[in-house]
Amino acid sequence: MKKYTLFFMSLVADLTMVANNLFSISSEMEDSQSKLNAFAYIGISKVIISLTVIVISLGVVILMRVPYYLYILILLFSFCIYWIGFVGIHKNVNVTDASGNKISKEQPSEKSSNTTFVRINNHIISEKKYLHAAISLKSVADEFSISKGYLSQLININAKKTFNDYINELRVKEAKRMLLDDSYSNYTIEFIGLECGFRSKSNFYTAFKKFSGQTPNQFKNVK
């Protein structure tokens, strides 16, 4: 009985070490690319390891009545269970973008991505949604019944920028139009910024400089 106990303890220790190494390597690979959600990996890996230990326990009980060569078969069988679970998690765990939004590992097709983006872009521009200070990735995603991660992907792929830059660039274009319009000559630059959806003077000036290379005052004085 003692030899079976020692074998079981050794087997569990070895398998746990292999499992931890696999998760560590996978996590490092994903972190360098897209910041993998490590907490999901840790939680589910514990479940998988626990199930594997149960299988090994049953195997040890069975092995008490069978030849020794079946030890290796039980070990391989247990490792296969772990590996199948690992691959399943690896394919289904979500990753996050720079804004912390979950992103599906499956990229949208180029055709469907472009079609959906055009529809959303036309709506935002025609309805001047970008002028609303409260507009957010979530509010737009909810309006079109899609996830925030998918919307973020659409904008990254088609507009080549983040959601915030996409919205702020539209706001800056509107601000330029108003600064050049004589009917707005009595409005202060700060007021125009607020009218265009910026929450503060500093945000307005920062975005304007980023997308035009000038401050609002410089742009206005050049006209």
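Predicted model: local features only at pLDDT ≥ 70, side-chain atom pairs only at ≥ 80, totals over all residues.
**View A. Asparagine 114 is partly exposed, at 41% relative accessibility.** The term partly exposed denotes a relative accessible area between the limits for buried (under 20%) and exposed (over 50%), computed with a 1.4 Å probe on protein chains only. The residue belongs to helix H4; helices (H or I, at least four residues) are DSSP runs, numbered from the N terminus. Residues are numbered from 1 along each chain as its sequence is written, and side-chain values use heavy atoms, with hydrogens and water left out.

**View B. Lysine 128 occupies the loop between helix H4 (110–126) and helix H5 (137–143).** Its phi is positive, near 50°, although lysine 128 is a residue other than glycine. With a relative accessibility of 36%, lysine 128 counts as partly exposed.

**View C. Serine 145 is located in the loop that lies between H5 and H6.** Serine 145, which is not a glycine, has a positive phi of about 55°. The relative accessible area of serine 145 is 69%, so this residue is exposed.

**View D. Helix H6 spans residues 148–158.** Its buried residues are Gly149, Leu151, Ser152, Gln153, Leu154 and Ile155. Lysine 160 follows H6 and has a positive phi, near 60°.

Technical notes
Helix = DSSP H or I, 4+ residues; strand = E, 2+ residues; numbered from the N terminus.
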